[in-house]
Amino acid sequence: MFMPEPYSNTRESGSVVVMMSESMCTRVFMESGILAELAARSPMPVIGLLAHESSKREEYARRFPNVKFFTLADVFEGVELGLARKAHMYIDQRLEPYIGFYPLAMRLAMTHGFNEGKRQKGHKNLFHNPDTAGPLPHWKAVYDLMRAWYFSGLRFIHPGIARFFEKHNAHCLVVNNSQTPTVHPFAYTAKRMGLRTVNYVASWDHLVGKGALPAYYDAYIVQNGIMVDSLERYHGVSREKARITGWPLMDKYSLSRPVADYAAKMKSWGLDPSKPCVLMAGNTEINAPYEPNLFERILKWRNANGGPDKWQAVARPHPKDIRWKERFSALLNMPGVHVQSDTLGDMDELAMLLRHVSAVVCTGGSVLLDSLVNDRPLVGVTYDEGAPAGVNNSIGNYTMFHYREIMESGAFYRADDFDEVAHGISRALDNFNELSPNRRALAKTLVGELDGMAVTRVVDNILETSMAPSPALTR
């Protein structure tokens, strides 16, 4: 079993290692301001460990000059594995499809009914593919053994991890998404070496459908009280470890967004800012493969009923939609329409749009919550336009466990067919305030007050945990 040796770990000379394990979560840390504020306020050096997007290392280094970035290659480079460790690694890799990350995640989801409406054999999203559960019996005892193994030192843990922490005298490890296969060896090593550990739970849906969490971190940063309940109920994490901070991305929505800036942006896109505007916000291709059909039909309906003079449109492909130009090609030359591109880092632009557009249409996703928080009338589409009979990916987005409060809120117009899409857009444009009380009540439940201080609260809690004396070495 892996057992790192104790090492000198002092508050004065230590460092805070921020492990960035997934692109969307890294976007949150960078675009919301968490990383910048942490680096500015921490008395210890801040190190960024890129577990993905290693090609962006130099770009990130320019953007955050007081953060030193490393990649996984830096962690593992030059560390020779003996025969015993190679055998251990081989065994670990062979066991992974049977009792590893995705089998554990799927069994947790099946136990509690997470992702039920999305589950489908062969689904490209492994969190929704029941085949990932593996061949072992679906008994609680089996799940408990799988969980115990996955979050233990019985796993293969590369010695380069301990070397990396020692070399940089790490005092604290902050993980921006622990629910990825890469993270556990780092977090477990940190605990065994006596480092402080912070688990930033990336989003409202992560506790109820994106894998299991270990209970050994010192602190868990979450956005609301519902997530605290989920930590305890589904992951066995003590409520005392939870830190509620509000939603960091929402800080941007508390800032002033002058109408003049919105008008200038619309004009730069060839749109008329004096006209009402509908934002058609895209989901991922996996979650909404027929979404281009929907957007195209909406615009054809508009063109037949007043055209661009009645209202303008902005189509926003999902930030992870790498095929957006191909998928939305029919929209590119339509009058009164702008199709955005490369939206992964444009949080300010999205915040500006959600402050000024007249309505939003989407098939679910985080932009649904963003829109309601910004008090935008919203049409939630729950069917697949142009799909074969019996196919409906979109409804699965709304039957996800974390959508319960939203579906019961009466805060948006639900559209189960195109007539209801058209009707919802018309109602939104004719009566902006119709569902506003419901939108505001839901936002307060899920997000809290938009006081612009969520990022500061996140950093406060990271610093509070990282500055605490290191715990005794775990044995």
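Q: How many bridges join strand E12 to E13?
A: Three bridges join strand E12 (residues 378–381) to E13, and the two run parallel. Strands (E, at least two residues) and helices (H or I, at least four) are DSSP runs numbered from the N terminus. Two strands pair if DSSP finds at least two bridges between them. Before we go on: this is a predicted model, where local features need pLDDT of at least 70, side-chain atom pairs count only at pLDDT 80 or more, and totals for chains, interfaces and linings use all residues. Residues are numbered from 1 along each chain as its sequence is written, and side-chain values use heavy atoms, leaving out hydrogens and water.

Q: Ok, and which residue is the bridge partner of Val379 in E13?
A: That's Tyr413.

Q: What's the strand order in the open sheet of six strands?
A: The order is E10-E9-E8-E11-E12-E13, with parallel pairing. The edge strands are E10 (337–339) and E13 (413–415), and each of them pairs on one side only. On average, neighbouring strands in this sheet are turned by 20 degrees against each other, direction ignored.

Q: Which strands does helix H12 touch when it packs on the sheet?
A: H12 (residues 291–303) touches E8 (277–281), E9 (312–316), E10, E11 (359–362) and E12. Its direction makes about 165 degrees with that of E8. Contact here means heavy atoms within 4.5 Å. Angles run from 0 to 180 degrees between N-to-C directions, and axes are lines fitted to C-alpha atoms, for helices over the stretch in contact.

Q: And what about H14, which strands does that one touch?
A: Helix H14 (residues 347–356) packs on the sheet too, touching E8, E9 and E11. The direction of H14 makes about 135 degrees with that of E8.

Q: Switching topic: how many strands form the open sheet that has E3 and E7 in it?
A: Seven strands, in the order E3-E2-E1-E4-E5-E6-E7, and the pairing is parallel. E3 (67–71) and E7 (242–244) are the edge strands, each pairing on one side only. Neighbouring strands are turned by 25 degrees against each other on average, direction ignored.

Q: How many bridges do E2 and E3 pair over?
A: Five, in the parallel sense, with E2 covering residues 46–50. Val46 stands opposite Val67 in E3.

Q: Now helices. At what angle do the axes of H5 and H7 cross?
A: Roughly 145 degrees, and the axes of H5 (residues 83–99) and H7 (residues 140–150) come within 11 Å.

Q: Left-handed or right-handed?
A: The crossing of H5 and H7 is left-handed. That term applies if the near helix is turned anticlockwise from the far one by less than a right angle; clockwise would be right-handed.

Q: Which residues meet there?
A: Asp92, Leu95, Glu96, Tyr98 and Ile99 in H5 meet Met146, Trp149 and Tyr150 in H7. They divide into six nonpolar, no polar and two charged. Nonpolar means Ala, Val, Leu, Ile, Met, Phe, Trp, Tyr, Cys and Pro; charged means Asp, Glu, Lys and Arg; the others, Gly among them, are polar.

Q: What volume does the largest cavity have?
A: About 120 Å³. Its lining has seven nonpolar, three polar and two charged residues, and H10 (225–235) gives the most to the lining, with three residues.

Q: And how much space lies in the second largest pocket?
A: About 300 Å³. Of the 15 residues lining that pocket, the closest to its centre are Asp92, Arg155, Phe156, Pro181 and Pro185. H5 gives the most to this lining, with four residues.

Terms used: 1 Å grid on protein atoms, 1.4 Å probe; cavity = no way out; pocket = protein on both sides within 12 Å on 5 of 7 lines; lining within 4 Å. Points joined across faces, edges and corners; volume = space filled by probe spheres on them.
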